[in-house]
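Colleague: I am new to this structure and would like to learn how its features can be read. Could we look at it together, one feature at a time?

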Amino acid sequence: MADIIIKNAYILTMDPDREDIENGVVVIEDGKIKEIGKSTESKADKEIDAGGNVVMPGLVNTHCHAGMTLFRGYADDMPLQDWLENHIWPAEAKVSDEDIYIGTQLACLEMIRSGTTAFADMYIHMDKVAQAVDESGIRAALSYGMIDFGDKEKADVELEEGSRFVREWNGKADGRITTMYGPHAPNTCSRDFLIRVKEQAVKDNVRIHIHVLETEAELNYMKEQFGVCSIHFLKDIDFWGDDVLAAHCIWLSDGDIKILAEHGVNISHNVTSNMKLASGIAPVAKLLAVGANVSLGTDGCASNNNLDMFEEMKTAALLQKVSIMDPTVLPARQVLEMATVNGAKALGIKSGMIKEEYNADLIIVDMNKPHLTPAYDIASHMVYAANGRDVKTTIVNGKILMENYEVRCLDEQSIIEKMKKTSKDLVSRINS
Ligand SMILES: N[C@@H](CCSC[C@H]1O[C@@H](n2cnc3c(=O)[nH]cnc32)[C@H](O)[C@@H]1O)C(=O)O
Ligand SMILES: [Zn+2]
């Protein structure tokens, strides 16, 4: 007996070896996709009639600071350095475990609602982040964000906390939680520290999540300090590999692009955050052209200001097209691939396709909407016409987290109320 059968679905498989299936079925058992096709002999405890709607892999958000929903709209319209140093970091110094717990619950709620089934996070108070992820039912690759600023003592403390978190949570929540090391960036972490982190990550057999070349200021700083850009700097210390997830990667030379592709580095393109902070335009079309694994991420809610991966897909496509004045780059299917297949690869999870033996991480998108009518090309609609609010049902690890727009696992209204209260308390704490 299977657990769930979804019938009457337009299956957008995202599997390069399999075309989309109209009027198809998806059979789910033990958290995995057991069977897909035109029909099935299987029986299940639960049947979902998709009503001709789209069934597709859940979206994978590869760069987030989930708890930053706390700072949604808190400090807008300024450049990264000013934003971080004068607003976000002083505020983060005042947040509690409980604040981050609520912030992450809200983020999970928003992601489940908008069709994200897995995300990569780098933040603080990570035990609370992991707890919220565990309870929500979503999947995540979590890391404690570490900064040493060249201070040896701080380096020890940060690495100790990063490793403790890695060991304590890897594989938890029925395998939905994996852990990574999260050195913040090459200009906030010292060379020695980055070398130690890489060694530890290899030893622990976990991946690394880092910000790289988000700003031109980082590029200039690295050149002044080390005579090379961040990409060459990290190459020289043997940091690069397919175990690394590098967020942003904006200020790249053609040589840097080659290095990233050759080392199989996973890149998270964070287009909305990059536009909002005016950090720059990542050379995504060039990266893809040389075979680099480019995925998509929202970044935190303080620089986006939401976690809607559908918006991220559309914006990523449009910005590349206009920035290089070529409407043929980043076509819809490729952008969908970035948000699903490439994202899953970046996190090292067997999700991102509707395919036998893959994790049952999938969503149903409601096509019965004015703005999705008519529908000539489903992939085009998912990228250019749909948004996160069109997601009707979300399934992660074979469990239904939202059905017919109703979220299970999390008490939506109570989380919204708690966040309203928490945000007021937090602002008075920051200002006191
Ligand atoms: N444990 C560290 C800080 C955590 S690193 C994770 C940091 O990334 C920061 N962050 C969020 N968004 C961005 C971004 O777009 N670029 C760079 N850093 C960011 C975020 O505010 C958080 O402090 C310490 O001792 O200070
Ligand atoms: Zn970030």
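Colleague: Where is the place of glutamate 214 among the helices and strands?

Modeller: Bear in mind throughout that this is a predicted model. Glutamate 214 sits in the loop between strand 10, residues 207–212, and helix 6, residues 216–226.

Colleague: Does glutamate 214 count as buried or exposed?

Modeller: The general idea is to compare the relative accessible area with a cut-off, and a residue under 20% is called buried. Glutamate 214 has a relative accessibility of 7%, so this residue counts as buried.

Colleague: Which residues does glutamate 214 touch, not counting those up to four places away in sequence?

Modeller: With those sequence neighbours set aside, glutamate 214 touches Leu80, His248, Ile250, Trp251, Ser273, Leu277, Ser279 and Asp299.

Colleague: Which residues come nearest to ligand 1?

Modeller: There are 20 residues around ligand 1, and of these Glu92, Gly145, Lys154, His184 and Glu214 come nearest. For glutamate 214, a polar side-chain atom lies 2.6 Å from a nitrogen atom of ligand 1. Tyrosine 144 also has a polar side-chain atom by a nitrogen atom of the ligand, at 3.1 Å, while a polar side-chain atom of aspartate 299 lies 2.8 Å from an oxygen atom of ligand 1.

Colleague: Where does UniProt place the feature "binding site"?

Modeller: An annotation comes from a record and may be inferred rather than shown by experiment. In the unreviewed UniProt entry, one "binding site" feature is placed at Glu92, His184, Glu214 and Asp299. From this set, His184 and Glu214 belong to the lining of the largest cavity. The "binding site" annotation of the unreviewed entry also covers His63, His65, His211 and Asp299. These residues span 237 residues in sequence, yet no two of their C-alpha atoms are more than 11.9 Å apart, so they gather at one spot. Of this set, His211 is taken into the lining of the largest cavity.

Colleague: What does the side chain of aspartate 299 make with the side chain of histidine 65?

Modeller: The two side chains make a polar contact, at 3.0 Å. Histidine 65 itself is found in the loop between strand 6, residues 59–64, and helix 1, residues 80–92. A relative accessibility of 8% means that histidine 65 counts as buried. Leaving aside neighbours within four places in sequence, histidine 65 is in contact with Asp121, Met122, Tyr123, His211, Asp299 and Gly300.

Colleague: How should I read the backbone angles?

Modeller: The general idea is that most residues other than glycine have a negative phi, and that most peptide bonds are trans. Aspartate 299 has a positive phi, near 70 degrees, and methionine 14 has a positive phi near 60 degrees. Methionine 14 lies in the loop between strand 1, residues 2–11, and strand 2, residues 21–29, and at 7% relative accessibility this residue counts as buried.

Colleague: Which residues does a cis peptide bond join?

Modeller: One cis peptide bond joins asparagine 304 and asparagine 305, with omega about 5 degrees, and asparagine 305 is found in the loop between strand 13 and helix 11. The peptide bond from threonine 373 to proline 374 is also cis, with omega near -5 degrees, and proline 374 is found in the loop between strand 14 and helix 13, residues 378–385.

Colleague: Which residues of strand 14 are buried on one side and on the other?

Modeller: Strand 14, residues 362–365, has both faces covered, with Leu362 and Ile364 buried on one side and Ile363 and Val365 buried on the other.

Colleague: How many bridges join strand 14 to strand 15?

Modeller: Four bridges join strand 14 to strand 15, residues 391–396, and the two run antiparallel; here isoleucine 364 has threonine 393 as its bridge partner. Strand 14 also pairs with strand 5, residues 54–57, in the antiparallel sense over four bridges, where leucine 362 is the bridge partner of proline 57.

Technical notes. Residues numbered from 1 in each chain as written. Chains lettered and ligands numbered in written order. Predicted model: local features only at pLDDT ≥ 70, side-chain atom pairs only at ≥ 80, totals over all residues. Heavy atoms only, no water. 1 Å grid on protein atoms, 1.4 Å probe; cavity = no way out; pocket = protein on both sides within 12 Å on 5 of 7 lines; lining within 4 Å. Buried < 20%, exposed > 50% of the residue type's maximum accessible area, 1.4 Å probe, protein only. Contact = heavy atoms within 4.5 Å. Polar contact = N/O pair within 3.5 Å; in protein donor to acceptor, adjacent residues only side chain to side chain. Pairing = 2+ DSSP bridges. Near = heavy atom within 4 Å.
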